[in-house]
Amino acid sequence: MIKIENLTKRFDDFTALDGLNLHVKQGSIYGMVGVNGAGKTTAIKHLAGVYKQDIGEVCIDNTPVYDNIQIKARVGYIPDELYFFPFYTLKMQHKFMRRMYAQTWNEERYTKMLGLMGLDPKRRLGKFSKGMQKQAAFIFAMSVMPDVLLLDEPIDGLDPLVRKVVFELIIEDVAQRGLTVLISSHNLKEMDGICDAVGIIKGGRMGIERDLDDLKADVHKIQVAFAPEKTQDVEKYQGIELLHRETRGAVELLVVRGKHDEVEAKIKALQPLLYDHLPLTLEEVFVYENLH
């Protein structure tokens, strides 16, 4: 559905994207994560047709995005920095959007979401708080019934109740209409609960791109303790790929990459007094992969 191949983008002497590859299946929710400056927003702006690539391919349904009106009409896009027409009220923006997306506009959804958000249609959008502007952006983006939804830091400024309403509607559209969603966010706890796949961008390149369940299946957080004579053995973890090692008194906390059964067998062969496999979050995977 979404395909980015060898995408390179330079701004003067700065290379924002350096051969980025990214693939999102239709009807899935994909989380794109990375530190500030990794290239997440630049990648999304290429998919939205804002930027033209210097090198590489940016396609939706195997069709180039840039300067393609038909593709752009199927894409909903909520940037991190929102912009609305000066002096437009929410009601005026509603009329504009309904006219621009006449063939796909869902007035019933607009009315329902407006009621849930509780926004005043007669108030100027420029007078809204950042959170209220983000609510308005979601109302419009979801009411045009897009095939692809691009979200750049989507939950900044949204209170928990509104986030719940928005994500429930997104998940409903993914299940019922095959909506494809790409989310860039620093809030990995939110993404952990809804994403099917994740891509970790480092320095304008794709570091890891995996289904979320597969990614977690290959990285493990383990708590172990050994008899005193083995605790001092610095060579005992040879052959085990450690991403992180931390000592807490007599207990060691390990983050290890590898197949679960193989990792467990290797560590249990060391005869620990304590072995405990702990749950690992997406946030922890991101931190330890970037530290490694």
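**Notes on the predicted model**

1. This is a predicted model, in which local features need pLDDT of at least 70 and side-chain atom pairs count only at pLDDT 80 or more, while totals for chains, interfaces and linings use all residues. Residues are numbered from 1 along each chain as its sequence is written, and side-chain values use heavy atoms, with hydrogens and water left out.

2. The chain contains 11 helices and 14 strands, these being DSSP runs numbered from the N terminus (helices H or I, at least four residues; strands E, at least two). Its C-alpha trace spans about 75 × 40 × 35 Å along the principal axes. Of the contacts (heavy atoms within 4.5 Å) between residues at least 6 apart in sequence, 69% join residues at least 24 apart.

3. Buried residues account for 47% of the 292 residues in the chain, where buried means under 20% relative accessible area, exposed over 50%, and partly exposed in between (1.4 Å probe, protein chains only). Cys59 counts as buried because its relative accessibility is 6%, and Cys195 counts as buried because its value is 10%. The structure holds 0 disulfides, a disulfide being a pair of cysteine sulfur atoms within 2.5 Å.

4. The largest nonpolar core has 52 residues, and Leu90, Ile170 and Val181 have the most contacts inside it; such a core is a set of buried Ala, Val, Leu, Ile, Met, Phe, Trp, Tyr and Cys residues joined through side-chain atoms within 4.5 Å. The largest share of this core, 7 residues, comes from α5. Leaving aside residues up to four places away in sequence, Val181 touches Val24, Ser28, Ile29, Tyr30, Leu149, Leu151, Ile170 and Val174. A second, separate core of 25 residues includes Leu7, Met32, Ala197 and Ile201.

5. The largest pocket has a volume of about 980 Å³. On a 1 Å grid over the protein atoms alone, a pocket is an open set of points where a 1.4 Å probe fits, with protein on both sides within 12 Å along at least five of seven lines, and lining residues have an atom within 4 Å of a point. Grid points are joined across faces, edges and corners, and the volume is the space filled by probe spheres set on the points. The lining comprises 33 residues, of which Val75, Tyr77, Phe96, Met97 and Tyr101 lie nearest the centre. At least two lining residues come from each of α2 (69–72), β6 (75–78), α3 (90–100) and α5 (130–143). The lining divides into 25 nonpolar, 4 polar and 4 charged residues, with Ala, Val, Leu, Ile, Met, Phe, Trp, Tyr, Cys and Pro counted as nonpolar, Asp, Glu, Lys and Arg as charged, and the others, Gly among them, as polar.

6. The second largest pocket has a volume of about 230 Å³. Among the lining residues are Asn106, Arg109, Lys112, Glu168 and Glu172, and the lining as a whole divides into 4 nonpolar, 1 polar and 5 charged residues.

7. Which backbone angle of Asn6 is positive, although Asn6 is not a glycine? Its phi is about 50 degrees; Asn6 is found in strand β1 (residues 2–11) and counts as partly exposed because its relative accessibility is 42%. Asn62, also not a glycine, has a positive phi of about 60 degrees. Asn62 is placed in the loop between β4 (55–60) and β5 (63–64), and counts as exposed because its relative accessibility is 64%.
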